[in-house]
Amino acid sequence: MDWPVESAKIEPTSEGPLAVLEVPPGRTATADAILDWTSEAAARTLRGDPQPSDAEVYKAARALLSS
């Protein structure tokens, strides 16, 4: 990943942890793809489908970041 490590962090909130991703200029298409994928993963979990495995998350993240 060519984004700085500091661009991703977890912040505590009163309602639980919040993932924060700062998007570098010119990478909005990648950020949109990440949001689409995470929304789908969350919907699967809410429907009671199995949560994505670590391997599935890693594979999807690598594919999104290389695009």
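The model is a predicted one, in which local features need a pLDDT of at least 70 and side-chain atom pairs count only at pLDDT 80 or more, while totals for chains, interfaces and linings use all residues. Residues are numbered from 1 along each chain as its sequence is written, and side-chain values use heavy atoms, with hydrogens and water left out.

**Overall layout and confidence**

- The protein has 2 helices and 2 strands, and these follow the pattern β-β-α-α when read along the sequence.
- The average pLDDT, which is the predictor's confidence in each residue on a scale from 0 to 100, is 77 for the protein, and 87% of the residues score at least 70.
- Among the elements, strand E1 (residues 8–13) has the highest mean pLDDT, at 83, whereas H2 has the lowest, at 73.
- Of the 67 residues, 18% count as buried, where buried means under 20% relative accessible area, exposed means over 50%, and partly exposed lies in between (1.4 Å probe, protein chains only).

**Helix H1**

- H1 has 19 residues and reaches 27 Å from its first C-alpha to its last, close to the 27 Å expected at 1.5 Å a residue, the expected span being 1.5 Å times one less than the number of residues.
- The buried residues of H1 are Thr30, Ala31, Ile34, Ala41 and Arg44. They lie on the same side of H1 because they cover an arc of only 145° around the axis, the arc being that of the directions from the helix axis to the C-beta atoms.
- In general, an α-helix has 3.6 residues a turn, so residues three or four places apart point the same way.
- On the face of H1 turned away from the buried side are the exposed residues Thr28, Ala29, Leu35, Asp36 and Leu46.

**Salt bridges**

- The structure holds 4 salt bridges, each defined as a side-chain nitrogen of Lys or Arg within 4 Å of a carboxyl oxygen of Asp or Glu.
- Glutamate 56 and arginine 44 form one of them, with their closest N and O atoms 2.9 Å apart. Because glutamate 56 lies in helix H2 (residues 54–66) and arginine 44 in helix H1 (residues 28–46), the pair ties together parts that are 12 residues apart in sequence. Glutamate 56 is partly exposed, at 31% relative accessibility.
- Arginine 47 and glutamate 40 meet through their side chains at 3.4 Å, N to O; arginine 47 is exposed, with a relative accessible area of 52%, and glutamate 40 is partly exposed, at 40%.
- A network of salt bridges links Glu40, Arg47 and Asp49.
- Lysine 9 and glutamate 11 also meet in a salt bridge, at 3.7 Å from N to O, and both are partly exposed, lysine 9 at 36% and glutamate 11 at 32%.

**Alanine 8 and its surroundings**

- Alanine 8 lies in strand E1 and counts as partly exposed, at 43% relative accessibility.
- Leaving aside neighbours within four places in sequence, alanine 8 is in contact with Val20 and Leu21, contact meaning heavy atoms within 4.5 Å.
- Alanine 8 and valine 20 are 12 residues apart in sequence, and their C-alpha atoms are 5.7 Å apart in space.

How values were computed: Helices (H or I, at least four residues) and strands (E, at least two) are DSSP runs, numbered from the N terminus.
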